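Open the model in your viewer and keep the sequence panel beside it. This tour goes stop by stop, with something to select at each one.

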Amino acid sequence: MIAIMPTAEDLLRTTPIFSRLSPADRKTIAEVSRVQHFAKGDTIFEQDSPSDAFYAISSGRVKIFKMMPNGKDVILEVFGPGDPLGAVAAYMDRPFPASAAALEDTTCVIIPRAAFFRLIDTQPSLVRGLLLGLTFRLVELTNRLAELTGGRIEPRFARLFLKLGSEMGLQDRGGTYIPLALSRQELADLTGTTIETCIRIMSRWNKDDVVRTEKDGFVLLDRGELERIAAS
């Protein structure tokens, strides 16, 4: 049996930042959009490249990362289904301030910037629904940057796993299973630390039955301890 691939309009209907638009407005956006699939590890866009399109994740997970002046990559956020990518840069006609890469097989709806602005000019009803979603994500990224610039390292790890557990956790495998495989380097980048520090923390948590690392993700075994560490 041949699987039927969803259309851009189908994907927009189930994407939160577009779901509140009228069916007519979604259809208008779908007519100028395209659907693109990215394999795990593929680059979606690069830091400082022109922001010539607006992206929305339909399925999969994407890491947003930035190269710092010292040459080290720092992961700013992990986005999932329904999240916009590069929207603020596209809206302001500025280069992408960070890079995006697929953490797993990912599908995006891509709206060319020029077509997007033509729609906004002719369909004012689009603006309010889209700006609400974009503002929310901009505030989250600002908070994320503040988190990475101060505080102790271990609480950052605890807050990261609590956030991932809340967003995608499943009650399975004796705890809260997070179905997202991240390398030790990626965890270090997400928390703004070194891989050596990451290895020490994760090894201790595994030994103390706080967080267990598995081949395809992580299991939070002691949320109470993570909450205590996060607040310390």
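Buried here means under 20% relative accessible area. Keep that cut-off in mind, and remember that this is a predicted model.

**The whole chain**

Start with everything shown. The protein chain has 10 helices and 12 strands. It holds 232 residues, and buried ones make up 45% of them. Now consider contacts between residues at least 6 apart in sequence: 70% of these join residues at least 24 apart.

**Stop 1: helix α8**

Select residues 184–191, which form helix α8. Is this helix mostly covered or mostly open? It is mostly covered, with six of its eight residues buried. Colour the buried ones: Glu186, Leu187, Ala188, Asp189, Leu190 and Thr191. Step on to glycine 192, which follows α8. Its phi is positive, near 65°.

**Stop 2**

Four of them form an open sheet, in the order β2-β7-β4-β5, with antiparallel pairing. Which strands stand at the edges? They are β2 (43–45) and β5 (73–79). Each has a single partner strand, so one side of each is left without a neighbour in the sheet. On average, neighbouring strands here are turned by 30° against each other, direction ignored.

Zoom in on β4, residues 62–67. Six bridges join β4 to β5, and the two run antiparallel.

**Stop 3**

Select β8, residues 106–112. Six of its seven residues are buried, so the strand is largely enclosed by the rest of the structure.

Then check the partners of β8 one by one:

- β1 (residues 34–38) pairs with β8 in the antiparallel sense over five bridges. Show histidine 37, which stands opposite threonine 107 in β8.
- β3 (residues 53–59) pairs with β8 in the antiparallel sense over six bridges. Show alanine 53, which stands opposite proline 112 in β8.

**Stop 2: two packed helices**

Two packed helices are described by the angle between their axes and the distance between the axes. Select α7 (residues 153–168) and α10 (residues 223–230). They pack at an angle of about 130°, and their axes are 8 Å apart. That angle makes α7 oblique to α10. The crossing of α7 past α10 is left-handed.

Which residues of α7 and α10 meet? Show side chains on both helices. From α7 come Glu154, Pro155, Ala158, Arg159, Phe161, Leu162, Gly165 and Ser166. From α10 come Arg223, Leu226, Glu227, Ile229 and Ala230. Colour this contact of α7 with α10 by class: it has seven nonpolar, two polar and four charged residues.

Terms used: Residues numbered from 1 in each chain as written. Predicted model: local features only at pLDDT ≥ 70, side-chain atom pairs only at ≥ 80, totals over all residues. Heavy atoms only, no water. Pairing = 2+ DSSP bridges. Helix = DSSP H or I, 4+ residues; strand = E, 2+ residues; numbered from the N terminus. Axes fitted to C-alpha atoms, helices over the stretch in contact; angles between N-to-C directions. Contact = heavy atoms within 4.5 Å. Buried < 20%, exposed > 50% of the residue type's maximum accessible area, 1.4 Å probe, protein only. Parallel < 35°, antiparallel > 145°, perpendicular 65-115°, else oblique. Left-handed = near helix turned anticlockwise from the far one by under 90°. Nonpolar A, V, L, I, M, F, W, Y, C, P; charged D, E, K, R; others polar.
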